[in-house]
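Subject: Structure handover

Hello,

I am passing this structure on to you, with the sequence alongside. Please look at it first; my notes follow below.

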Amino acid sequence: MAKDLTDDERVSFQAEIDRLREEHRDLDAAIEALIDLGRIDQLQVQRFKKRKLALRDRLSFLEDQMTPDIIA
């Protein structure tokens with residue numbers, strides 16, 4: 001349930017969303033680079049993927065907070 005956010009909160013949330021999206025893209029690139037190099041460290045890949053999932057969860061939470069409730 002989204003609450004009424006102040007302008008400062010919206011700016012802060014958007015900045016965090018942008019940072020998290022960039023980190024998510026960076027992890028994609030890191031995973032792809034590991035695979036392309038042929039040096040597949042499964043443990044490292046799993047850690048990166050787990051971090052990506054955590055980022056996705058946080059992104060979803062923040063985006064939900066910024067979306068106004070719509071009563072249908």
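Leaving aside its neighbours within four places in sequence, which residues is His 24 in contact with? They are Lys 52, Leu 55 and Arg 56, where contact means heavy atoms within 4.5 Å.

Some ground rules before the rest. This is a predicted model, in which local features need pLDDT of at least 70 and side-chain atom pairs count only at pLDDT 80 or more, while totals for chains, interfaces and linings use all residues. Residues are numbered from 1 along each chain as its sequence is written, and side-chain values use heavy atoms, with hydrogens and water left out.

The chain as a whole

The protein chain has 2 helices and 0 strands; helices (H or I, at least four residues) and strands (E, at least two) are DSSP runs, numbered from the N terminus. Its radius of gyration is 16 Å, well over the 11 Å that the globule rule gives for 72 residues, so the chain is more spread out than a compact globule. That radius is taken over C-alpha atoms, and the globule rule is 2.2 Å times the number of residues to the power 0.38. Along its principal axes the C-alpha trace spans about 50 × 25 × 15 Å.

Of the 72 residues, 24% count as buried. Buried means under 20% relative accessible area, exposed means over 50%, and partly exposed is in between (1.4 Å probe, protein chains only). The chain exposes about 5700 Å², and carbon and sulfur atoms supply 53% of that area; areas come from the Shrake-Rupley method with a 1.4 Å probe, and for residues only the protein chains shown count as cover. Among contacts with a separation of 6 or more, 73% are between residues 24 or more positions apart.

Helix 1

Helix 1 covers residues 7-36. Its 30 residues should span 44 Å at 1.5 Å a residue, and its end C-alpha atoms are 43 Å apart, which agrees. The expected span is 1.5 Å times one less than the number of residues.

Its buried residues are Phe 13, Ile 17, Leu 20, His 24, Leu 27, Ile 31 and Leu 34, and what covers them includes helix 2. His 24 counts as buried because its relative accessibility is 15%.

Glu 9 is also in helix 1, but is partly exposed, with a relative accessible area of 26%. A polar atom of the Glu 9 side chain lies 2.9 Å from the backbone nitrogen of Thr 6. The C-alpha atoms of Glu 9 and Leu 27, 18 residues apart along the chain, are separated by 27 Å.

Asp 36 belongs to helix 1 as well and counts as exposed, at 61% relative accessibility. Its C-alpha is 18 Å from that of His 24, 12 residues away along the chain. Just after helix 1, Gly 38 takes a positive phi of about 80 degrees.

Helix 2

Helix 2 has 25 residues and reaches 36 Å from its first C-alpha to its last, close to the 36 Å expected. Its buried residues are Val 45, Phe 48, Lys 52, Leu 55, Leu 59, Leu 62, Gln 65 and Met 66, and their cover includes helix 1.

Gln 65 is buried because its relative accessible area is 14%. The C-alpha atoms of Gln 65 and Arg 10 are separated by 9.1 Å, although the two are 55 residues apart along the chain.

The core

Which residues of the largest nonpolar core touch the most other members? Of its 13 residues, these are Phe 13, Ile 17, Leu 20, Phe 48, Leu 62 and Met 66. Helix 1 and helix 2 (42-66) each supply at least two residues of this core. A nonpolar core is a set of buried Ala, Val, Leu, Ile, Met, Phe, Trp, Tyr and Cys residues joined through side-chain atoms within 4.5 Å. In soluble globular proteins, nonpolar side chains tend to be buried together.

Not counting residues up to four places away in sequence, Leu 20 touches Leu 55, Arg 58, Leu 59 and Leu 62.

Regards

Key: A polar contact is a pair of N or O atoms within 3.5 Å; within protein, one must be able to donate a hydrogen and the other to accept it, and residues adjacent in sequence count only if both atoms are side-chain atoms.
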